[in-house]
Amino acid sequence: MCGIVGYIGAKNATPIVLNGLKRLEYRGYDSAGLAVLTNGHIEVRRDAGKLERLAALVEADPVKGKIGIGHTRWATHGEPSARNAHPHLSTDSDFVVVHNGIVENFLDLKEELTAEGAVFRSDTDTETIVHLVERYYSLEHDMTLAARRALKALKGAHGVVLMSSHEPDKIIAARIGNAGGVVIGYGDGEMFVASDIPAILEHTRRVSFLESGQMAVIRRTGVEVFTLDGQPVEPQIHTVAWDPIAAEKGEYRHFMQKEIHEQVRSLTDTLAGRVDLDEGRVRLPTLNLDEKTARKIQKIVITACGTASHAGMVGKVLIEHIARIPTELDIASEFRYRDPLVDENTVVLAISQSGETADTLAAMEEARKKGAVLWSIVNAIGSQAMRLASGCISMQCGPEIGVASTKAFTAPLVDLYLLAVLLGDLRGTLDEARRRKLVADLALVPDLAGRCLDRESEVAEVARSLKNTRDALYLGRGINMPIAYEGALKLKEISYIHAEAYPAGEMKHGPIALVDRNMPVISIAPLDPWYEKMISQVEQVKARGGVVVAVATEGDARVEGLADHIFWVPETPWLLSPVVTVIPLQMFAYHIAALRGLDVDQPRNLAKSVTVE
Ligand code: AGP
C-alpha cells in the first residue's frame, strides 16, 4: 500500500524523490519521509501526515545528495507518527530502509536483534529489516550479501529499498511475494526505483519489473538482478506508452474529476484495434484464446475486490447472456479460503486496476494451484496480475490516481463485453446478425459516455441539495444492480456518508423499513429489461415518503412524474447501459464530497493499491 521511490545519478536526489512521492501519495498518506546520502552520511527527513509536511520540513532544513530514497506510508504496525515514518535507520545510522509490506516474524526478529544490541527507535516491523542488514554487513562486509541474508530471514510479502553509507554507489531493491510492485527506471547515467510507474514517468519510460524473489543492485549506470539465491537474472526492459501528463491534474480540481472526464478517451482507446466493424468481430490477441480452448470452458469465475468486483458482477450478466457460459463473481478475499471448486476446465478471471491487490493475487495463486486457466483484466502495465495470467486484457485507462476508481470501472465493463462477444463467437453461440449488432453497438459507447458528462452541472445541482444527507439507499436490478453497489461505494468512500446498495427486488424483504422522508433512494431505472420492475419499486418508495433520485433514460415521462430528482442518461443498448448509468453516480459522489470540503483524492483510511490482506 505504501509508496516507495529511489534515485541514483548526478542530480540532486531530494526534489526527484519528493516529486516521485507526490505521484505516489495515493498509495498512503499517513506519513512521509526521505533519506539522502550526503557527505558520507545518511540524512533523514520525515514527518507524520501528508507529503506537504515533509516538503515543508525539507524546505526549512534542506538536504542534498546524489542518491536518495523516500516513502509515503499507509500504517500497518505502529501508529501514524513521525517516529514510525519511513525511512528507518540502523543503530549506527549507516543503513537505511523504506518498505512496503508486513514483516510477519518481526516480534521474534526484534527480540533477537535487541538482545544483540540493536537500538529500535520506532514501533514498526520495518525497522527489523535495517537492523538485520547491519547485522549481516558486520559479518559479510558486503552490502549485497548482507541484504540478501536479511531478506531471506523475513517472513511475509515485501517491497524493500535500501542504501548504505558504506557503499554509496548503489541502491538495493527487492520484491518478495505480493506486497506490491517494484519497478526500475532506466535513465541516461541515472537510475530510478519505485513502487509504481507514475513516480518515475517524468524521467523515463524505460522500465523493468522485479518478480517475487528477486533483488536488484542499482547503480548510476545500470542494474544487476539476482534471485535471492544469488542467481543472475536478465531484466526485460519495457517502454511504457503512458504520457507523463496523464498523471497531472491539469485544469481539474481533483484527479477524480479529471479521471471521470477522461472516460470518453479511455473508452475510445478500449475499442481501438479490438473492434472490427466491417467484419463485426472482436479481437483480443493478448488473451491467447483459440476456438478449442473457448469450447472447453465449462465455467468462468471472476474474482476481484471493491469496484473491480462490481465490474465483475456486470461481467457475469454479460458472459452468461452473450456467450452462455456459467459465470460467477467471487470476492477475492473470500475465494481463497473456501477451497473453491475450480479445475482445468474453469477460467478464473481476475479484474484489477492496480494488478497488485493482495487478495486478488492470492485468489489467482489459489486458482493456479487447482489447475484453472488464469486470465486477467488489468490497468497497471507489468503488474503481477498481468504477469500471472496466461491471457490478459489490458485496460486502456492510463494512470488512475484518485483513490476512488472511475475510469478503471467503465473500461473493464467494455472489456468484459468484448470478451463475452469473442467467447460467443468462438463457441458459436452468436449468429452473424446478432454478433454484428453487438459489435456495432460498441461504437456508440464513447459518445454516450460524453453525453452523460455534459450533464455534470445538473448532477452538481442535485448534489448541492443532498449534500447534508446522513444516509442513502441505492437500488438497481439485473445488469444495473451492480451499479447500485458501485454508486454506493463511491459515495461512502469519498463523502463518508452511509450508503447501502440493494437489488431493488429485495426491498420488500426488509430494507424498505428504512425509507422515510430523510432517506434519498437512488434508483437506477434506465430503459432495460428490468425497467417495469424498477418503476414499481420506485412507486413503493414514493408511497412511503422517500426522496427518489432516479437515473433514467432521456425523455422518460413516467420516471419524470415520479422522481424528485433525475440524472438523465442517453438511450443505450441495455447490455452496455451500466457504462452510462454509473457516470452520473460517480459525478454525484464527487460533487457531494467536494461540497463537503473533503479530500476527494485521498479519503481517510484508504489507499489506492491494497497490497496487504
Ligand atoms: C475503488 O473506488 C476502491 N478504492 C477499491 O474498492 C478498489 O477498487 C479495490 O481496492 C480493488 O483495487 P484493484 O482494482 O487495484 O485491484
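How many aromatic pairs does the structure hold? I note at once that the model is predicted.

**Entry 1: aromatic pairs**

I find that the structure holds 4 aromatic pairs. I looked up one of them, formed by W530 and W574, whose arrangement is edge-to-face. The ring centres lie 5.5 Å apart and the planes make an angle of 75°. I recall that a pair of aromatic rings is described by the distance of the centres and the angle of the planes. Planes over 60 degrees apart count as edge-to-face, so the angle of 75° puts W530 and W574 in that class.

I then asked where the two residues of this pair lie in the chain. W530 sits in the loop between strand 25 (520-525) and helix 18 (531-543), and W574 in the loop between strand 27 (565-569) and helix 20 (577-595). The two are 44 residues apart, and the pair thus links distant parts of the chain. I record W530 as partly exposed, with a relative accessible area of 23%. W574 is also partly exposed, at 22%.

**Entry 2: the whole chain**

I counted 20 helices and 27 strands in the protein chain. For 613 residues, a compact globule would have a radius of gyration near 25 Å, and the chain agrees with this because its own value is 25 Å. Along the principal axes, the C-alpha atoms fill a box of roughly 75 × 55 × 45 Å.

Buried residues make up 62% of the 613 residues. Among contacts with a separation of 6 or more, 72% are between residues 24 or more positions apart. The accessible surface comes to about 22500 Å², and carbon and sulfur atoms account for 49% of that surface. I also list 67 positive and 81 negative side chains; the centres of these two sets lie 1 Å apart.

**Entry 3: two buried loop residues**

Is G180 buried or exposed? G180 has a relative accessible area of 1%, which is under 20%, and therefore counts as buried. I located G180 in the loop between strand 8 (171-176) and strand 9 (183-186). Leaving out residues up to four places away in sequence, G180 touches R27, N100, R175, E356 and T611. I also noted H158, which is 22 residues from G180 along the chain; their C-alpha atoms are separated by 7.4 Å.

T406 is my second case, in the loop between strand 22 (391-394) and helix 13 (407-427). T406 is buried, with a relative accessible area of 0%.

**Entry 4: backbone exceptions**

I keep in mind that most residues other than glycine have a negative phi, and most peptide bonds are trans. Which residues does a cis peptide bond join? I found such a bond between H86 and P87, with omega about 0°. P87 lies in the loop between strand 4 (67-73) and strand 5 (88-89).

S93 is not a glycine, yet its phi is positive, near 60°. S93 belongs to the loop between strand 5 and strand 6 (95-101). I classed S93 as partly exposed, given its relative accessible area of 26%.

D339 likewise is not a glycine and has a positive phi, of about 50°. I placed D339 in the loop between helix 10 (332-335) and strand 20 (346-352). Its relative accessible area is 55%, so D339 is exposed.

Definitions and conventions: Residues numbered from 1 in each chain as written. Predicted model: local features only at pLDDT ≥ 70, side-chain atom pairs only at ≥ 80, totals over all residues. Heavy atoms only, no water. Helix = DSSP H or I, 4+ residues; strand = E, 2+ residues; numbered from the N terminus. Rg over C-alpha atoms; globule rule 2.2 N^0.38 Å. Buried < 20%, exposed > 50% of the residue type's maximum accessible area, 1.4 Å probe, protein only. Contact = heavy atoms within 4.5 Å. Areas by Shrake-Rupley, 256 points an atom, 1.4 Å probe, with all protein chains shown as cover. Lys, Arg positive; Asp, Glu negative; His and termini not counted. Charge placed at Lys NZ, Arg CZ, Asp CG, Glu CD. Phe/Tyr/Trp six-rings, centres within 6.5 Å; stacked < 30°, edge-to-face > 60°.
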